[in-house]
Amino acid sequence: MTPIGLSNLCSERRIIVKHTAMADLCNILSFLLQVPTIESASAICTESMSHDFRAITSELGIDHDVSSIERGLDDVHNRLSGTDDALNLLRREYTRLFNHPKHPLIQLYEGVFIDSELVSQGKESAHACLFINPAAVDAERYYARVGFVCSSGMRVPPDCITTQLQFLGILHSLIAVRAQSGEEESCRQVCSLLCEFWDDHPSNWFDSFFNKCSLLSNEPLYRLVGNMGHELVSLEIRCVETLL
């Protein structure tokens, strides 16, 4: 048996830790962008989310770059732990931003988000519809390639940002698992799929989406989501450049 060099072991270890942490970050953002529930409000009110995020930033080696997010985590904890009405507070802001029946400030779905951006720029609307638009159809095609099914208990359009984040998390997890098991060819295939998906979907709208969260939210939680999302976008861009 050919001995494995120390540098190769260290490189493999870095790959596993990096992609596991990226998966965790995607899943936290997906969790925070779903409709608030009693359980999620309770989890956000505790300091466990802060501990999880700090662990992720440390594993990604970016803990020195995210002082604004550190302050945001403290702001969220102070805001929500100091009220007996955290759930209603979060639901009101969630509805105002994402779920208003007529005029949500930020669309959660790629097709209608990009369409609303076009209209705001004075361009012609593509009249994108939920579930039935090119972005939703193409996203579902990607999910089928790895048998991914959205974990939400509700039927949501395939181009929903929470679903796209979950799918990114799945891909990062698969890369970590296959790197650990030494499945080099399979690992390369998942890396290629991640790059394709990123270029075809999240790269088109994640940055604008998270920018709106930072600018439009009246609550620390969704401003934090915006800042965390910007960090994710930066990390994904660097990750894709490395994988290509």
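Biologist: Is Cys239 buried or exposed?

Modeller: The model is predicted, so local features need pLDDT of at least 70 and side-chain atom pairs count only at pLDDT 80 or more, while totals for chains, interfaces and linings use all residues. Residues are numbered from 1 along each chain as its sequence is written, and side-chain values use heavy atoms, without hydrogens and water. Buried means under 20% relative accessible area, exposed over 50%, and partly exposed in between (1.4 Å probe, protein chains only). Cys239 has 1% relative accessibility, so the class is buried.

Biologist: How many disulfides does the structure hold?

Modeller: A disulfide is a covalent bond between the sulfur atoms of two cysteines. Across the structure, the number of disulfides is zero.

Biologist: What is the relative accessible area of Cys45?

Modeller: Cys45 belongs to the buried class. Its relative accessible area is 18%.

Biologist: How many salt bridges does a search of the whole structure find?

Modeller: The criterion is a side-chain nitrogen of Lys or Arg within 4 Å of a carboxyl oxygen of Asp or Glu. With the whole structure searched, the count of salt bridges is eight.

Biologist: Which residue forms a salt bridge with Glu219?

Modeller: The closest N and O atoms of this pair are 2.7 Å apart. The pair links distant parts of the chain, 140 residues apart: Glu219 is in the loop between α10 (202-216) and α11 (220-243), and its partner is in helix α4 (residues 67-81). Helices here are DSSP runs (H or I, at least four residues), numbered from the N terminus.

Biologist: What separates Asp138 and Arg141 along helix α7?

Modeller: Their side chains form a salt bridge with an N to O distance of 2.7 Å. Arg141 is partly exposed, at 42%. Both residues lie in helix α7 (residues 134-145), three residues apart, so the separation is about one helical turn.

Biologist: Which residue meets Glu196 in a salt bridge?

Modeller: The N to O distance is 3.3 Å. This pair also links distant parts of the chain, with Glu196 in helix α9 (residues 184-200) and its partner in helix α7, 51 residues apart.

Definitions and conventions:
A disulfide is a pair of cysteine sulfur atoms within 2.5 Å. Helices (H or I, at least four residues) and strands (E, at least two) are DSSP runs, numbered from the N terminus.
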